[in-house]
Amino acid sequence: MNILDSLCALRGISAAGVCGFCQLAPFMSKQACERAQDLVPNPSAIFIALFPYFTGDAPGNLSLYARGRDYHIVIKEILKPFAENMTVEYGCTCTVLADDSPLPEVRAARLSGAGRLGENGLIFDPDYGSYVFIGTILTDLPFSHASAVHKYHMLTSPSDDFERIIRCNHCGACRRICPLGALDERAAPDASRCLSALTQQGGALSPTLAAAVAQHPLIWGCDLCQRICPLNRNVRQTENPDFQIDLQYTLTIEDLEGLTRRQFAEKYPERAFTWRGPAPIRRNLKLKELL
């Protein structure tokens with residue numbers, strides 16, 4: 001069994017692919033390249049794994065991705081032992097990255113063939129849609145081209161380096177539904193106008209942004225472009241228990257009453273919505289009360 005077959009066989013992973021660091025470097029800043037090289041001197045390859053998290057579209061005011069266990073923890077728990085085995089077996093250096101990464105993960109997933117890019121800037125798994133997290137293993141193991149492996153789907157060849165959007169109906173639904181116009185046909189979301197980013201942003205918001213957050217159905221994250229996308233209809237639900245059990249659908253002002261940042265993290269351990277502390281969520285809830 002090769003590395004990609006073994007990686008895709010791990011618990012909770014739906015697809016695995018590999019791309020070369022040299023493919024990504026042209027799309028990285030000098031600082032990002034330097035940080036990657038600090039993590040792994042002379043990096044050569046990036047192994048990519050997709051982790052589905054969709055458990056259904058139940059009502060709630062927390063984004064679908066944030067209702068289960070913190071994906072940063074889950075990804076590292078699953079990938080770190082695998083990376084350690086790679087180090088022993090191949091004599092290479094490896095580091096596991098999830099979200100807090102110098103690598104452009106979406107582009108890496110697209111280049112590897114593990115997922116395809118949509119106009120909303122998200123990676124789409126052929127079976128689970130865009131409801132996937134991306135985990136990566138950066139390594140100095142020599143890069144070798146290989147087709148991506150999928151749990152329930154045929155192998156997919158890596159895409160052309162400069163092909164921008166490779167799986168999209170170009171229906172424009174995601175662009176039309178985005179309240180602040182953060183999306184465009186280039187699949188390059190503007191984070192300064194993305195409601196997912198704004199709900200997590202600390203401090204006071206401008207009147208325009210505050211009004212948008214107040215009218216938004218969620219207090220953390222945003223699923224509008226995913227829920228409207230035709231490619232996300234009838235997708236499989238995750239089989240990973242980390243994202244199925246003990247789901248948190250909603251938070252209220254009462255839930256946060258009097259909590260310090262530490263108390264908030266202790267009350268809701270291993271949740272993706274705790275990293276900023278309770279202040280942004282409390283602000284978002286109060287904005288809604290003013291409507």
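A salt bridge is counted here when a side-chain nitrogen of Lys or Arg is within 4 Å of a carboxyl oxygen of Asp or Glu. The model is predicted: local features need pLDDT of at least 70 and side-chain atom pairs pLDDT 80 or more, while totals for chains, interfaces and linings use all residues. Residues are numbered from 1 along each chain as its sequence is written, and side-chain values use heavy atoms, with hydrogens and water left out.

Figure 1. Helices (H or I, at least four residues) and strands (E, at least two) are DSSP runs, numbered from the N terminus. Along the principal axes, the C-alpha atoms fill a box of roughly 55 × 40 × 40 Å. The radius of gyration is 19 Å, which agrees with the value near 19 Å for a compact globule of 291 residues; it is taken over C-alpha atoms, and the globule rule is 2.2 Å times the number of residues to the power 0.38. Of the 291 residues, 54% are buried (buried means under 20% relative accessible area, exposed over 50%, partly exposed in between; 1.4 Å probe, protein chains only). Counting contacts (heavy atoms within 4.5 Å) between residues at least 6 apart in sequence, 76% join residues at least 24 apart.

**Figure 2. The salt bridge between Arg227 and Asp57.** The closest N and O atoms of this pair are 2.6 Å apart. Arg227 belongs to helix 9 (residues 224–228) and Asp57 to the loop between strand 2 (45–52) and helix 4 (71–90), so the pair links distant parts of the chain, 170 residues apart. Arg227 is partly exposed at 32% relative accessibility, and Asp57 is partly exposed at 44%.

**Figure 3. The salt bridge between Asp242 and Arg69.** Here the closest N and O atoms are 3.0 Å apart. Asp242 sits in the loop between helix 9 and helix 10 (253–256), and Arg69 in the loop between strand 2 and helix 4, so the pair ties together parts that are 173 residues apart in sequence. Both Asp242 and Arg69 are buried. The two residues belong to a network of salt bridges that also includes Arg11, Glu77 and Glu270.

**Figure 4. The salt bridge between Asp100 and Arg35.** The N to O distance is 3.6 Å. Asp100 is in the loop between strand 3 (94–97) and helix 5 (105–112), whereas Arg35 is in helix 3 (residues 30–39); the pair therefore ties together parts that are 65 residues apart in sequence. Asp100 is exposed, with 56% relative accessibility, and Arg35 is partly exposed, with 34%. The structure holds 10 salt bridges.

Figure 5. Leaving aside residues up to four places away in sequence, Thr95 touches Leu39, Val40, Thr136, Ile137 and Leu138.

**Figure 6. The buried residues of helix 12 (residues 279–289).** Pro280, Ile281, Arg283, Asn284, Leu285 and Leu287 are buried. In an α-helix there are 3.6 residues a turn, so residues three or four places apart point the same way. The buried residues of helix 12 pack against helix 7 (195–200), helix 8 (207–215), helix 10 and helix 11 (261–267).
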